[in-house]
Amino acid sequence: MTRTITRSENRTNGSQQNDFLVIENLVKAFPKPDGGQVVILNGVDLKIGEQEYISVIGHSGCGKSTMLRIIAGLDKPTSGLVTLEGKAIRKPGSDRMMVFQSYALLPWLTVRGNIRLAVDEVLKNASNTEKVNLVNEHLAMVNLTAAADRYPDEISGGMKQRVGIARALITRPKMLLMDEPFGALDALTKRKLQTQVLEIWESHRQAVMMITHDVDEAIYMSDRIILMTNGPEATIGEILDVPFPHPRDRHAIQESKEYNDLRLHALDFLERYQ
Ligand SMILES: Nc1ncnc2c1ncn2[C@@H]1O[C@H](COP(=O)(O)OP(=O)(O)OP(=O)(O)O)[C@@H](O)[C@H]1O
């Protein structure tokens with residue numbers, strides 16, 4: 001069989017060679033309850049372009065969320081450096097927004113209120129009219145206009161996740177960090193939301209790092225797929241280039257030989273690291 005897989009060298013994809021996010025020799029260790037330390041991530045090197053969509057796949061516990069939290073500024077590296085546009089990341093900032101699997105919405109605020117909160121926190125100089133228009137625009141973008149005045153416990157999981165995505169997008173962060181954003185959704189809702197998020201990203205490009213356990217999701221959505229080795233002491237095992245131009249048609253790409261080769265290659269990798 002002719003292999004069409006391209007293993008990316010550690011560079012940004014396609015035309016965007018700029019080193020927007022740079023991770024250099026990242027090591028993260030946590031203290032063990034009985035003393036000593038366990039090294040979770042050991043020597044991660046990665047560069048991401050400013051409009052690049054990256055997926056990270058690896059077995060449970062290898063340190064994917066830890067890496068995302070370090071990029072978000074919620075946790076610190078034990079050693080190594082993570083920079084965004086050349087500046088070391090030391091704390092959370094409005095240039096990076098997170099989307100969590102567990103939605104993390106405030107139950108006492110409506111859909112509109114949850115989205116508006118992000119605008120109030122980040123776009124402090126915008127007028128009330130500008131903020132209202134922005135919230136309405138983003139409610140429409142994720143098809144939530146009709147549910148704007150409902151509370152989180154009155155809407156479905158898929159709707160909650162759309163609120164989380166609108167809330168993350170509305171302040172136009174330079175980088176979107178998504179931790180298994182579709183992991184809690186049923187198969188149909190998941191596919192719909194994947195398409196919606198991809199369409200939004202295709203029209204408002206930004207850097208994305210998305211953790212997923214789903215190889216098909218990674219191929220459909222991303223430009224490159226980072227395959228992590230198992231922990232402890234996990235690192236990047238391989239980086240796969242996804243050769244399909246955007247905008248993508250899920251059905252069309254799934255019929256191609258490249259798609260199936262890529263899928264089998266990623267699954268083989270994961271099997272090897274079981
Ligand atoms: N604050 C912490 N203190 C101690 N150990 C931690 C801490 N945070 C994470 N860990 C450990 O680090 C390892 C990696 O955790 P992490 O959540 O990053 O993995 P993951 O790859 O995202 O897993 P999953 O796919 O299951 O979400 C796990 O063994 C976890 O128990």
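## Contacts and overall dimensions

Two residues are in contact if their C-beta atoms, placed from the backbone, lie within 7 Å. In the protein chain, 72% of the contacts with a separation of 6 or more link residues 24 or more positions apart. This is a predicted model, in which local features need pLDDT of at least 70 and side-chain atom pairs count only at pLDDT 80 or more, while totals for chains, interfaces and linings use all residues. Numbering starts from 1 along each chain as its sequence is written.

The radius of gyration (over C-alpha atoms) is 19 Å. This agrees with the value near 19 Å for a compact globule of 274 residues, the rule being 2.2 Å times the number of residues to the power 0.38. The C-alpha trace spans about 55 × 50 × 35 Å along its principal axes. Of the 274 residues, 37% count as buried, that is, with 20 or more other C-beta atoms (placed from the backbone) within 10 Å of their own.

## Secondary structure and annotation

The protein chain has eight helices and eleven strands. These are DSSP runs numbered from the N terminus: helices are H or I with at least four residues, strands E with at least two.

An unreviewed UniProt entry lists residues 21-255 as "domain: ABC transporter"; such annotations may be inferred rather than shown by experiment. Over residues 21-255 the chain is 33% helix and 26% strand, with the end C-alpha atoms 33 Å apart.

## Ligand shell

Phe30, Ile40, Gly58, Ser60, Gly61, Cys62, Gly63, Lys64, Ser65, Thr66 and Gly231 surround the ligand, where a shell residue has its C-beta atom, placed from the backbone, within 6 Å of the molecule. Helix H1 (residues 64-72) supplies the largest share of this shell, three residues.

By class, the shell holds three nonpolar, seven polar and one charged. Nonpolar means Ala, Val, Leu, Ile, Met, Phe, Trp, Tyr, Cys and Pro; charged means Asp, Glu, Lys and Arg; the others, Gly among them, are polar.

Key: A residue is buried if 20 or more other C-beta atoms lie within 10 Å of its own, exposed if 12 or fewer, and partly exposed in between; C-beta atoms are placed from the backbone.
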